[in-house]
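Student: I have a structure open and would like to learn how to read it. Could you walk me through a helix and a strand?

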Amino acid sequence: MAKDSSFLLSVTELTIKFGHKTVLDQVNWQVKENVNQVLIGPNGSGKSLLISFLTGKFKVHNQKPYTSKKFIPEKDISFISFELQKELFAIDDYNDDSDFLDYQDIGSTARDIILNNSKETKSFSEIIGNLNIAYLLDRGIRFLSTGEMRKVLIARTLYAKPKLIIIDSPFEGLDQKSRTLLREQLKTILVNYQCLILLNEDDPLIDFFDEVTCLNDGKVIFQDTPVNARKSEVWHELFSSCKPITSIPTNHHLYTPSNYNTNNTLISMKGVSVAYSGNTILNNLDWEVKQGENWLITGPNGAGKSTLLSLVTADNTQGYNQDLYLFGKKRGSGETIWDIKRQIGIVTSSLQQSYKAPLKAEEVVLSGFFDSIGLYQNIDRSMLDLAHQWLDLLEIKNIQKLYFSEMSYGQQRMLLLARAMIKHPAILILDEPCQGLDKKNREAILNLVDFIAFNCKTSILYVSHTHSEALSCITNELNFIQNSERDFSVILKKR
């Protein structure tokens, strides 16, 4: 792409504070015209906030970005982010009429989201074919996995043909096959569109961009070509390894899971099936999880991993009237959903999207005691101390007074792990827990999961597309294997 010294968007001496914390500190930066750029930095460095300010998503009193006269951000930018996914899901939830109907309201479909009130043209079919998502078009977005929704948003962006495409963490939530496919597609997109991507770690795609800018602690610390960036000492320091985990906070006296007998069966499914609108997601599944086992659950986007977890957490009503036992009790035999959730800690994208109320970091962690989205009960000093210990362990105590909405996606992810573990649950469900995390924090999470598995009586259900090879605690695997476009089988094996 030809280079040009002019800019589309620019900031000068931009400073943004949340309370007493400076999150962007005298930043000078430009989105240059006809230059494909990478904005990179660890979690909490300020990348997403900077772009939100530049695109008008985040407004600051008496401060505005400079904009080229021929560039209108509201019209000329397409910004793909987890925040956009959250916004679209929230709108869909608000319009959900299922409670007033005698059938399931599927809500906005993938086709609706991609077209965005426009009409189908020839390019629509081409984009759908290139991304291989034709099978998703008439499915409601509330039934899509994180990775499937990511593909839908990319299709929506390409169909809109903006002047500038911005993608925050393009590969998060995608399985390995989809990552490889998207990486190749982005190389092609760079020829026809101007792109800006936000990353939290090194990736081969960077080599196809013109310029790399690195943020850390809210400051621009260098700006150079990809080749020179990788040679710098700063680059290697930023993405260095984390400290090993040697201990975790002790349990609170009110929360001692009852299923600590190693002979106990925590989960038992025999012939369990789940289907939506005639599409079978799980078919005649037999699966058992015993105390002391740690399971890796893998499979392509849309295979049924999230559906499986929804049965375990008792959120899926299709668990009734089936041969499904959770913690020794048949589903629907008189136990409450809270009896089940009390023994489960969970980190998922859907949980992350549920935190819409203005809660501070420590309040989010404390809500884990009550399995609530919010904090409505009284807490004692020991609970608060324990929450602070978990924030310390994950090296995020500096954000304890920040509101959840003010944090980066990766910081929110770390916080939800503290929320999940604060009660030392019988089962810890981790659905892509490293999603949105930089290399250092990803290593910290994986080390912590191993430490929990080897030193606590908590069993792990770990869902992942990547990075699973770093876990040494896994004892068993449940793998969804794709037989055809929409047909999957389940393979169970011991490690």
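Student: Which residue caps the N-terminal end of H3?

Tutor: This is a predicted model, and in it Ser-81 is the cap: one of its side-chain oxygens lies 3.1 Å from the backbone nitrogen of Leu-84.

Student: Which residues of H3 are buried?

Tutor: Buried means under 20% relative accessible area. In H3 that holds for Phe-82, Leu-84, Gln-85, Leu-88, Phe-89 and Asp-92. Look down the helix axis: these residues fall within an arc of 155 degrees, so they line one face of H3. They pack against several elements, including strand E5 (77-80) and helix H6 (146-160).

Student: Now a strand, please. Is E16 mostly covered or exposed?

Tutor: Mostly covered: five of the five residues in E16 (427-431) are buried. Ile-427, Ile-429 and Asp-431 point one way, while Leu-428 and Leu-430 point the other way.

Student: Which strands are joined to E16?

Tutor: E15 (residues 344-347) runs parallel to E16 and is joined to it by four bridges; here Gly-345 stands opposite Leu-428. E17 (residues 459-463) is also parallel to E16, with five bridges, and Leu-461 is the bridge partner of Ile-429.

How values were computed
Residues are numbered from 1 along each chain as its sequence is written. This is a predicted model: local features need pLDDT of at least 70, side-chain atom pairs count only at pLDDT 80 or more; totals for chains, interfaces and linings use all residues. Side-chain values use heavy atoms; hydrogens and water are left out. Buried means under 20% relative accessible area, exposed over 50%, partly exposed in between (1.4 Å probe, protein chains only). Helices (H or I, at least four residues) and strands (E, at least two) are DSSP runs, numbered from the N terminus. Two strands pair if DSSP finds at least two bridges between them. The arc is that of the directions from the helix axis to the C-beta atoms. Contact means heavy atoms within 4.5 Å. A polar contact is a pair of N or O atoms within 3.5 Å; within protein, one must be able to donate a hydrogen and the other to accept it, and residues adjacent in sequence count only if both atoms are side-chain atoms.
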